[in-house]
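Biologist: Before we look at the model together, could you help me understand where words such as buried, cavity and pocket come from?

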Amino acid sequence: PGQDNASADVLVTSYLANLQNSVHERLPENLVKCKLAKRTPEWFCELEAHRQHEISQMRENFKDVGYIIVRAKFCAKINSLATTPFHLLPETMAARKLDGSKVNKLVIQEVSQQVEALKQMYNAMPGLAVVSCGSRPDSEVYMAKKVKLASELGISCKIFRVEEQSCPETTTDSLIEEVQRLKCESAVHGIIVQLPLPHGVHTSRVIEAIHHKKDADAVSVFWQGRPSSGEGDDPKGYGGFTLSPCTPRGIMELLNRYDITLLGKCAVVIGQSQSVGLPMALMLERRLATATSCSVHTSNLMDAFRGADIVVACAGKRGLVRQDCLKPHALVVDVGIHVVKQGEKQSLMGDGEPGASGTASYLTPVPGGVGPMTVAMMMANTVQLSSMMQPAVLDISSVAGACLLAHPSRLIREAF
């Protein structure tokens, strides 16, 4: 055994699994018992020192192994492990899924309590208006999810479709007119414009037509500037509330729930949209990661991938993130969604190719990853905006009042 490539791979996999187990099983007691809130940079340094010690011991033990092929393969693998941040290493060598559907249920449960609080205290039902133009399949998927979830939560959610005109300028004016009409509707607490809009439409003009007090997707200039100004994680913010764009906020919530630390990590965000890419890079920076914002036109993009601990793919290009371009044990957040026809059946795929799971340590599946989190945060933002429009005096002695005050600030804090 070990004299050919196939058997050598089996042995190396076994040895690496033993290494992983030894790292986890022999953690010093002071590291294991340290609570999440007290895990400082010094804690992670001590944890990394322990891992490096285990790796050096494994190297020493391996010097006497007589199988040349096995030794060569193992040394190559262990060298990559030695430079990989500890918290990005999976417990097994297969990529661990960041299950947005499971976390979605936890967030929705919290949002549901806020909706109940609004009903008890003000007899108010949060209202969300979705303005749509065009007929993109991926947009239809997201809108259907929003309507379904809003109905389950007791939130009024309606889709307002604007017909696409032959002239982009006319379409832009029609969209702005619809947004301004909804701005005056008292039953509408949150407005979103389903992006992307048809080619030629002035998206920025349409977005800026949404008043910030009803901007459920937090893509207006008012909300966009808050993370970069240092006010993004301040629960007091504007009138006691601060909103974040739904998709980046959902991603941050997902990473928090999986206890993934961003401190000092190199992150690459592919995609520079106003609603996802740019605010995502800002949020990563606010969490002390080093974020690089790229586009599909960035030169040497694959080289940027190879040096990234975290890759956020939101460029809308299928197959952009390939397995051979990822750093070993990188974390991949796949925001893209593409409808792929296979005969009479349709399936959904992201910006990453399926084989990326063989290299990544953590991976958001498509579907079931970022999508459910985006919809959950859309509802959270809508409820927060609805709360902001209610009378300022809250009876915090009641369970409903305490819930309404506590949950938005906690969700805001966790989102950053």
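The talk below goes through these words one at a time.

Biologist: What kind of model is this, and how many helices and strands are there in the protein?

Modeller: This is a predicted model, and the protein in it has 14 helices and eleven strands. Among its 416 residues, buried ones make up 50%.

Biologist: Why is V131 called buried?

Modeller: A residue counts as buried when its relative accessible area is under 20%, and V131 has a value of 0%, so V131 is buried. V131 sits in strand β2, which covers residues 127–132.

Biologist: How do you know which residues V131 is in contact with?

Modeller: Contact means that heavy atoms lie within 4.5 Å. Once its neighbours within four places in sequence are set aside, V131 meets that condition with F160, V162, L175, E178, V179, L182, I191, I192, V193 and Q194. For the pair V131 and M143, which are twelve residues apart along the chain, a separation of 9.9 Å is found between the C-alpha atoms.

Biologist: What makes S139 count as buried, and where is S139 found?

Modeller: S139 belongs to helix α6, and its relative accessibility is 7%, which is under the cut-off of 20%, so S139 counts as buried. Apart from neighbours within four places in sequence, S139 is in contact with Q194, L195 and P196.

Biologist: What makes a space a cavity rather than a pocket?

Modeller: In a cavity a 1.4 Å probe fits but cannot get out, whereas a pocket is an open set of points. The structure holds three cavities of 30 Å³ or more, and the largest cavity has about 80 Å³ of space. This largest cavity is lined by 13 residues, of which Y142, I337, V366, P367 and G371 are the closest to its centre. Helices α6 (137–153) and α13 (370–388) each supply at least two residues of that lining.

Biologist: How is the lining of the largest cavity divided by class?

Modeller: Seven of its residues are nonpolar, four are polar and two are charged.

Biologist: How many residues line the largest pocket, and which are the closest to its centre?

Modeller: The largest pocket has a volume of about 810 Å³. Its lining has 29 residues, and the closest to its centre are L195, P196, S273, S275 and V276. Two or more lining residues come from each of α6, β4 (190–193) and α13, and α6 gives the most, with four residues. The classes in this lining are 13 nonpolar, eleven polar and five charged residues.

Methods: Residues numbered from 1 in each chain as written. Predicted model: local features only at pLDDT ≥ 70, side-chain atom pairs only at ≥ 80, totals over all residues. Heavy atoms only, no water. 1 Å grid on protein atoms, 1.4 Å probe; cavity = no way out; pocket = protein on both sides within 12 Å on 5 of 7 lines; lining within 4 Å. Points joined across faces, edges and corners; volume = space filled by probe spheres on them. Nonpolar A, V, L, I, M, F, W, Y, C, P; charged D, E, K, R; others polar. Buried < 20%, exposed > 50% of the residue type's maximum accessible area, 1.4 Å probe, protein only.
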